[in-house]
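Subject: Structure for you to look at

Hello,

Here is the structure I promised to hand over. Please open it first, then read my notes below with the model in view.

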Amino acid sequence: MAFLADALSRVKPSATIAVSQKARELKAKGRDVIGLGAGEPDFDTPDNIKKAAIDAINRGETKYTPVSGIPELREAIAKKFKRENNLDYTAAQTIVGTGGKQILFNAFMATLNAGDEVVIPAPYWVSYPEMVALCGGTPVTVSTKQENNFKLKAEDLDKAITPKTKWFIFNSPSNPSGAAYSHAELKALTDVLMKHPHVWILTDDMYEHLTYGDFKFVTPVEVEPGLYDRTLTMNGVSKAYAMTGWRIGYAAGPLQLIKAMDMIQGQQTSGATSIAQWAAVEALNGTQDFIPENKKIFEGRRDLVVSMLNQAKGISCPTPEGAFYVYPSCAGLIGKTAPSGKVIETDEDFVSELLESEGVAVVHGSAFGLGPNFRISYATSEAQLEEACRRIQRFCAACK
């Protein structure tokens with residue numbers, strides 16, 4: 001009898017975590033490495049949020065919490081959905097998890113049986129298909145195209161849905177591409193979903209507040225209220241509030257699903273950290289003034305990176321509408337020989353050679369299900385980004 005579970009053979013380690021770890025190891029050896037792999041804002045958590053956590057500690061808010069979250073946070077979540085997304089949820093229809101990952105995992109664990117299919121547009125966040133596989137489901141990936149700004153077409157979604165489809169995962173703005181769907185683009189998808197009443201929608205809105213220019217964010221149930229009874233709307237405080245380490249994700253959806261997720265969480269981790277929950281209450285209820293300021297900084301970084309990458313030989317980089325990633329193509333480098341003498345045959349070869357040659361850590365596109373591309377996180381200083389892009393330009397120019 002094998003000691004390890006068969007489920008482990010169905011999944012791969014997180015590529016984004018692996019890249020960050022490799023960059024840390026090289027830095028520890030004295031290498032000058034610029035890490036652009038982590039999806040983490042470089043801003044500090046706002047002071048009012050940190051103060052709310054300190055106040056919670058001083059009040060003695062250090063005990064176990066209800067599994068689905070403290071009442072104050074669940075109320076704040078319900079108010080947030082009404083205020084910002086025009087969605088009516090009661091506090092009982094919400095749940096708090098230890099980051100968005102736990103929300104997603106618990107939803108899949110509560111609903112997937114062997115043979116159930118989950119439609120996932122590619123490029124996708126690396127954890128989506130792995131979570132589905134761990135929970136016994138079958139990931140069904142649907143590729144998008146760079147010429148369509150990596151956005152799923154309605155006809156492609158329609159073709160991917162079968163009688164076995166249980167969920168459709170929707171992520172806008174997208175990790176890794178930064179693509180964000182307009183009202184009209186999303187309406188085309190929700191029209192398809194209305195034709196398939198057996199399909200549930202899991203929408204990952206984690207980058208909701210990070211859109212640029214005149215783009216207006218919308219979420220599926222806001223566009224099509226007819227999907228309300230089969231949509232789990234997930235969000236969190238990690239990205240917009242620079243609270244990645246606080247580990248607070250949340251969702252709202254049909255009461256039956258929320259109760260099932262609560263039961264799983266009760267046997268798994270119980271409630272999220274009490275202090276982090278009180279900080280999240282302040283994040284959602286307190287001032288939001290810093291969000292537009294941070295967005296402006298991110299937008300400037302995006303424009304810098306897109307401009308400099310498009311000046312690199314063999315690189316083509318579209319301008320994304322949101323998040324803090326770009327997803328350039330390195331197709332022009334495939335078949336070229338790197339300075340080390342190795343022929344670049346894949347996007348994984350490209351990022352490996354870039355790291356070894358120039359000390360720039362990025363994530364290969366095949367990890368996100370679509371290549372030959374690579375992902376850059378521009379959630380770091382302009383000085384670091386400029387230097388990284390200069391190194392990328394130098395590397396590309398040296399490939400023959």
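Start at Ser270, which sits in the loop between α9 (255-266) and α10 (274-285). Keep in mind that this is a predicted model. Ser270 is not a glycine, yet its phi is positive, at about 60 degrees. Most residues other than glycine have a negative phi.

Now go to Ala242. Ala242 belongs to the loop between β7 (231-236) and β8 (249-252). Its phi is near 50 degrees, again a positive value in a residue other than glycine. Is Ala242 buried or exposed? Ala242 has 11% relative accessibility. The cut-off for buried is under 20%, so Ala242 counts as buried.

**Two cis peptide bonds**

Most peptide bonds are trans. One joins Ala122 and Pro123, with omega at about 10 degrees. Pro123 is in the loop between β3 and α5 (127-134). Another cis bond joins Ser172 and Pro173. There, omega is about -10 degrees. Pro173 is part of the loop between β5 and α7 (183-194).

The largest cavity holds about 140 Å³ of space. It is lined by 17 residues. Closest to its centre are Pro121, Pro123, Asn171, Ser174 and Tyr181. Two strands take part in this lining: β3 (117-122) and β5 (165-171) each supply at least two residues.

**The largest pocket**

Next, find the largest pocket. Its space comes to about 630 Å³. Which elements give two or more residues to its lining? They are α1 and α4 (100-111). α1 gives the most, with four residues.

Move on to the strands. Three of them form an open sheet, in the order β9-β12-β11. The pairing is antiparallel. Which strands stand at the edges? β9 (325-326) and β11 (363-364) do, each with a single partner strand. So one side of each has no neighbour in the sheet.

Take the β9 side now. Two bridges join β9 to β12 (residues 374-377). Tyr325 has Ser377 as its bridge partner in β12. Val326 has Ile376. On the β11 side, two bridges also join that strand to β12. One of the pairs is Val363 with Arg375.

Then check where the β12 side chains go. Phe374 and Ile376 point one way. Arg375 and Ser377 point the other way. Are these residues buried or exposed? All are buried. That includes Arg375, the partner of Val363.

**A contact across the chain**

Val360 lies in strand β10 (residues 360-361). Its relative accessibility is 0%, so Val360 counts as buried. Now find Ile392. Val360 and Ile392 are 32 residues apart along the chain. How far apart are their C-alpha atoms? They are separated by 7.6 Å.

**A nonpolar patch on the surface**

Finish on the outside. Phe3, Leu4, Leu8 and Leu134 form a nonpolar patch on the surface. Together they have about 470 Å² of accessible area. Leu4 is in the segment before α1 (15-28). Is Leu4 buried or exposed? The cut-off for exposed is over 50%. Leu4 has a relative accessible area of 56%, so Leu4 is exposed.

**Where to look again**

Visit the cis bond between Ala122 and Pro123. Then see Pro123 by the centre of the largest cavity. End at β12, which has β9 and β11 as its neighbours in the sheet.

Best wishes

Terms used:
Residues are numbered from 1 along each chain as its sequence is written. This is a predicted model: local features need pLDDT of at least 70, side-chain atom pairs count only at pLDDT 80 or more; totals for chains, interfaces and linings use all residues. Side-chain values use heavy atoms; hydrogens and water are left out. Two strands pair if DSSP finds at least two bridges between them. Patches are made of residues with over 30% relative accessible area and no salt bridge: like charges are joined within 9 Å, nonpolar side chains (Val, Leu, Ile, Met, Phe, Trp, Tyr) within 5 Å. Accessible areas come from the Shrake-Rupley method with a 1.4 Å probe; for residues, only the protein chains shown count as cover. A salt bridge is a side-chain nitrogen of Lys or Arg within 4 Å of a carboxyl oxygen of Asp or Glu. Buried means under 20% relative accessible area, exposed over 50%, partly exposed in between (1.4 Å probe, protein chains only). On a 1 Å grid over the protein atoms alone, a cavity is a set of points where a 1.4 Å probe fits but cannot get out, and a pocket is an open set with protein on both sides within 12 Å along at least five of seven lines; lining residues have an atom within 4 Å of a point. Grid points are joined across faces, edges and corners, and a volume is the space filled by probe spheres set on the points.
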